Amino acid sequence: MSKRPDKGSSSPGGAIPIGGGREIPLNLDLTRRDVLKTGGYLSAAAFLAACSSGGGSTNTSSTGGQISIGSNASDPGPRKGMEAINAAFTSANGGTTVKLNTVDHGTFQDQISTYLQGTPDDAFTWFSGHRMRFFADQGLATPMNDVWDKVKGNFTTGFAESVKGNDGNVYGVPIDYYPWAVFYRKSVFQQHGYNIPTDWESFKSLMAQMQKDGLTPLAMGDKDGWPAQGTLDIINLRLNGYTFHVELCTGKQKWTDSRVTNVFQKWGEITKYYNQGLAGTTWQQAADMVVQKKAGMYILGLFVSDQFKAAGQADLDDLDFFPFPNMGAQYDAEKALDAPIDVFMLSKKSPTISKDLGQAKAYMQFWSKGSTQLLMFQNAPGNIPTANDADTSSYSALQKKAVQIISGAKRITQFFDRDSRPDFAGPNGMQSFLLTYLKNPTQDLQAFQGTMQKFWDSLPPEK
Amino acid sequence: MAETTSTTSVAPAPAVIKPGTGALVAAGRPRRRYSLLTRHDKLLLTLMVGIPLLLDLILIWGPAAASVGFSFTNWSGIGAISPGNFIGVKNYQNLFTSYIFFWPALRHNLIWLAFLSLVSTPLGMFLAVLLDREIRGTRVYQSVLFLPVVLSLAVVGFIWELQYAPSEGFINNAFGLVESHRIIDWLGDENINLYAVLIAASWRHVGYIMVLYLAGLKSVDPSLREAAKVDGANERQTFFSVVLPVMAPINIVIVVVTAIESLRAFDIVYIINRGKNGLELLSTLITNNSISEASLVGFGSAIAVVLLVISLVPIVTFLSTVSRERA
């Protein structure tokens, strides 16, 4: 899963994950149907591909008409934002009818490859990084270099890099992002007189102190499997640097490398500070421990603020964060962090894309404006606009700080499951491995790393 | 309907056919001579057998065969399959020798089967026998025990997650484990989570078996029990020597239902953690590999074929028993 199953899966109370649940019956049904369907498309695939690539954009009109949008913004907040933006687009673009097709966040992800090969909508929401480039490589996305040439002045180079495919073409428009950091409550730090730790030793001694003070030093809820990947990312980035991390994620480095051993050893120094039962705790329940002042700190994405917001405005105002402490390696200077970027992409196989291409590109252009992104931001405060001209006056202190920490970073990664291949990062892969590690951090690391590498080696080559 | 058509049309058939058969015999096709069926009957039969057969082939055997075919490829589910995609039995090799999740998943499926058949199913049968005795409030108990069956396993999973959550859950709080910092991580501890899930699944399965069995018990001729009583058999003897043998067909249904429920177990585990960390099942491995973003269609198909082969055992047992009875 992505690091945002919250969009699709948190119940209003926030405590109970029923995310996967909504998908179950669908997936069950799809087992056979899926196979049939894909089989059926096989013969049509070559034909369709020929048509769509040959057709190009003959339609010069970009106003009026209609477009269809596939959206994974299924939670109430983001959904409202999406609807507001579509209404604004309709009135700004000569009455273009926007057909919105909202799918549960997790389901959308599971079905993405079938969706993109079948009859997708003209434009769809997705993630940048390896996951975007993968579908671009498969010829399932339409490049939009012309759109990007018009709007690129509104984005920093980090964003420009994030929407580029392996072939150098641009395949998406970045619409929002959020940083991963160490979250805490200001009032708790004040009450106990804690200082923000900036290096590894002070981080550890702070946690030892918290334990004495009767707090769970570090909250962790890894039931869904992906939250622990954020901690793996940041420790690896600090110790071994951006380049090694990216190469490790894409298989150019081995999991049996001694640098990886080092990561798990360092991580093992802080695992004793986690709450009990982390493997059965959801990220929302772990967040509640911080909300209720039972836990001191929490390594997560900015979307943790959703949980604080649900608890009340006073709790949200008390939330703060600091970047993961330095660990003394040369890579501290990179100030690297995970800051996943969400994008809008254009599909290739949509039956209407050649007719609607003008409108779809206008829609992409519309999304690259700060004013558009703010409409989403007002409804989903965990997602920060990417456009330079977004009006930051409505940002809270927390959000301003998030922008600051990201613009200060010399290297930005997406997140483990967006930077690595999905079959490796998923539930019967990295999610399981990290749960195995967290269960017993002092286990035989050589054997553990060997298992991970063996699994990587067993995967078929990516096209 | 079918019977009436055939009898009415069969009766006049000889008269109709006979004059014509002479010509057919002359044409060297004597086989038609003794045919009891008119052309209309044959057409009808062809349609009646052909359409279901066609649907069966298209909807069931087609996809199954496709799965077997896919299992010899490394197809990612994207684009056409080229000859280069065929990798022989490599998926199976990989599955049996190096895929670390396969054997645990198979073991979990077997534990599931053992638990349901040794604990849940007998419990359901026991409850049915109790309720069959018309004790006071039978209807109430019946409704209460049957209630979980009405819920989908997805809902059952959700309900039990509330009970099992480590620090917010009902069980740990009710037993004071949260207060004393001795939290039991029911769904997160890979040594116990399978059993925690099995209790949740049984909660539903017991009611299901109970209803099936109760229906069977109601249909047992009361005079058999009376006769046993007259012969001086006690309750236990009556049940094991008289009622149980009479219920043989129901017993087989129940065994098969239990086997199938264990093999297709999926939703409750998938809802809890997508089948990882001690909850791997063959069905979740298939889903995680082939339907999710992972797109390892070939590899997932190989697991599906293994599951299909295993499933054939109870299916064949059931069909052969049923056809033996009919014969």
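In this predicted model, chain A holds an open sheet of six strands, which follow one another in the order β2-β1-β3-β10-β4-β11 and pair in a mixed fashion. At its edges stand β2 (97–102) and β11 (384–385) of chain A, each of which pairs on one side only. Further inside the order, strand β3 (residues 123–127) and strand β10 (residues 341–346) of chain A run antiparallel to each other and are joined over five bridges; within this pairing, A123(A) has L346(A) of β10(A) as its bridge partner. A helix accompanies this sheet: α3 (residues 76–92) of chain A lies across β1 (66–71), β2, β3 and β10 of chain A, and its direction makes an angle of about 165° with β2(A).

Chain A also contains an open sheet of four strands, arranged as β6-β7-β5-β8, and here too the pairing is mixed. Its edge strands, β6 (216–219) and β8 (319–322) of chain A, each pair on one side only, and neighbouring strands of this sheet are turned against each other by 30° on average when direction is ignored.

Two helices can be followed across the four strands. Helix α13 (residues 283–291) of chain A lies across β5 (180–185), β6 and β7 of chain A and runs at about 140° to β7(A), whereas helix α18 (residues 397–407) of chain A lies across β5 and β8 of chain A and runs at about 15° to β8(A).

In one of them, the side chains of D146(A) and K361(A) meet at 3.0 Å, taken from N to O. Because D146(A) belongs to helix α7 (residues 145–151) of chain A and K361(A) to helix α16 (residues 353–367) of chain A, this pair ties together parts that lie 215 residues apart in sequence.

The remaining topic is the meeting of the two chains, where 59 residues of chain A and 55 residues of chain B take part in the contact. The size of an interface is often given as the accessible area lost when the parts come together; chain B and chain A bury about 4,700 Å² between them, with 61% of it on carbon and sulfur atoms. On the side of chain B, I78(B), I291(B) and E293(B) supply 17% of the area that this chain buries against chain A, more than any other three residues.

Polar and charged groups also meet across this interface, where 12 residue pairs are found in polar contact and two salt bridges are found. A salt bridge joins the side chains of K223(A) and E161(B), at 2.5 Å from N to O. The elements that give two or more residues to the side of chain B touching chain A are α3 (39–70), α7 (153–164), α13 (267–273) and α14 (282–291) of chain B. Sorted by class, that side of chain B has 26 nonpolar, 18 polar and 11 charged residues.

Methods. Residues numbered from 1 in each chain as written. Chains lettered and ligands numbered in written order. Predicted model: local features only at pLDDT ≥ 70, side-chain atom pairs only at ≥ 80, totals over all residues. Heavy atoms only, no water. Contact = heavy atoms within 4.5 Å. Buried area = accessible area lost by both parts, 1.4 Å probe. Salt bridge = Lys/Arg side-chain N within 4 Å of Asp/Glu carboxyl O. Polar contact = N/O pair within 3.5 Å; in protein donor to acceptor, adjacent residues only side chain to side chain. Nonpolar A, V, L, I, M, F, W, Y, C, P; charged D, E, K, R; others polar. Pairing = 2+ DSSP bridges. Axes fitted to C-alpha atoms, helices over the stretch in contact; angles between N-to-C directions.
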